[in-house]
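This report describes the architecture, the packing and the surface of one protein chain. The sequence and the structure follow.

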Amino acid sequence: MNNEFKVGFKDGIPIALGYLSVSFSLGIMALAGGLSVFDGALMSLTNLTSAGQFAGIQIIVAGGTLIEMILTQLIINLRYALMSLSLSQKLSPDMKLWQRFVVAFANTDEIFAVAMAHNKSLTFSYMAGLQLLPIVGWVAGTTLGGVAASLMPKSVSVAMGVALYGMFIAIVVPVAKRTRSVLTVVVIAIAVSCVLYYVPFLSFISSGIGIIISTVIAAGVGAYFFPVNPTE
């Protein structure tokens, strides 16, 4: 086995273990929303993004349109385009175009962070090793979560579906407590979402479009009032 692949494979083990536990909750949520175990696993195999899948399931459950799904995924996952631009600067010049497409497919937050910390040029062998186990862990966790939910009483599986919400809260709250800008953006997103949901004359707005509107407004306000200083 190629030595670069071995190094990447080893670096991907911690990511895979984390993905296995997180995607377990996603599998439970998918089944609670009316999707099958196969549907959840296929979604995880073709869309390696927890936030994107979370929003996607919400839109599917709400009977949203394909346009809503496309726009939501575009906005939520736009950061991957920026990360891929940065990652491309470290890729080996020998990497072929089709290999770059493979690398781009699984360029998640965690894989990007590990790859950028790698102290050598990124070969295709290294990236293939780094991404293999996390993909397997993500799909396996979703599948196991769906299977477990199918064996549980309906009330228990629905209750466990809140675990993914808890994961997002655990990610956001500590940062929001330390950073005023993040707290402001979170509060704005919550406020806009509540207005869209509770104000009667806005009831025609679907949940998918509501996610898009809340995200764009909150992110826009954050970008305007709290711009990142490139010199920092």
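This is a predicted model: local features need pLDDT of at least 70, side-chain atom pairs count only at pLDDT 80 or more; totals for chains, interfaces and linings use all residues.

## Surface and core of a helical chain

Leu-66 is exposed, because its relative accessible area is 65% and the threshold for that class is over 50%. The residue belongs to helix α4, which covers residues 66-76. Together with Ile-67, Ile-70, Leu-71, Leu-74 and Leu-78, Leu-66 makes a nonpolar surface patch of about 600 Å².

**Overall architecture**

The protein chain contains twelve helices and zero strands. Of its 232 residues, 35% are buried. Among contacts between residues at least 6 apart in sequence, 78% join residues at least 24 apart. The chain exposes about 13000 Å², and carbon and sulfur atoms supply 73% of that area.

**Nonpolar cores**

The largest nonpolar core comprises 25 residues. Ile-57, Leu-87, Ala-115, Leu-122, Met-127 and Leu-130 have the most contacts inside this core. Two or more residues each come from α1 (3-32), α3 (50-61), α5 (79-88), α7 (109-117) and α8. With five residues, α1 gives the most to this core.

Which residues does Met-127 contact, once its neighbours within four places in sequence are left aside? They are Leu-87, Val-103, Ile-111, Ala-115 and Leu-122. Another core, of six residues, lies apart from the largest one; among its members are Val-192, Leu-196, Ile-205 and Ala-218.

Gln-53 lies in helix α3, and Gln-73 is placed in helix α4. Gln-53 has a relative accessibility of 0% and therefore counts as buried. Gln-73 is buried as well, since its relative accessible area of 15% falls under the 20% limit.

When residues up to four places away in sequence are not counted, Gln-53 touches Leu-26, Met-43, Ser-44, Asn-47, Leu-48 and Trp-138. With the same exclusion, Gln-73 touches Asn-47, Gly-52, Gly-56 and Leu-78.

**Aromatic pairs**

The count of aromatic pairs comes to five. Two of them are set out below.

| Pair | Centre-to-centre distance | Angle between planes | Geometry |
|---|---|---|---|
| Trp-98 and Phe-124 | 5.4 Å | 65° | edge-to-face |
| Tyr-224 and Phe-225 | 4.9 Å | 85° | edge-to-face |

Why is the pair of Trp-98 and Phe-124 classed as edge-to-face? The planes of the two rings stand at 65°, and an angle over 60 degrees places a pair in that class. This pair links distant parts of the chain: Trp-98 is in helix α6 (residues 97-105) and Phe-124 is in helix α8 (residues 124-151), 26 residues apart. Phe-124 is partly exposed, as its relative accessible area is 21% and residues are buried when they fall under 20%.

The rings of Tyr-224 and Phe-225 have planes 85° apart. Are these two residues buried or exposed? Both Tyr-224 and Phe-225 are exposed.

Notes
Residues are numbered from 1 along each chain as its sequence is written. Side-chain values use heavy atoms; hydrogens and water are left out. Rings of Phe, Tyr and Trp (its six-membered ring) pair if their centres lie within 6.5 Å; planes under 30 degrees apart count as stacked, over 60 as edge-to-face and the rest as tilted. Helices (H or I, at least four residues) and strands (E, at least two) are DSSP runs, numbered from the N terminus. Buried means under 20% relative accessible area, exposed over 50%, partly exposed in between (1.4 Å probe, protein chains only). A nonpolar core is a set of buried Ala, Val, Leu, Ile, Met, Phe, Trp, Tyr and Cys residues joined through side-chain atoms within 4.5 Å. Contact means heavy atoms within 4.5 Å. Patches are made of residues with over 30% relative accessible area and no salt bridge: like charges are joined within 9 Å, nonpolar side chains (Val, Leu, Ile, Met, Phe, Trp, Tyr) within 5 Å. Accessible areas come from the Shrake-Rupley method with a 1.4 Å probe; for residues, only the protein chains shown count as cover. A salt bridge is a side-chain nitrogen of Lys or Arg within 4 Å of a carboxyl oxygen of Asp or Glu.
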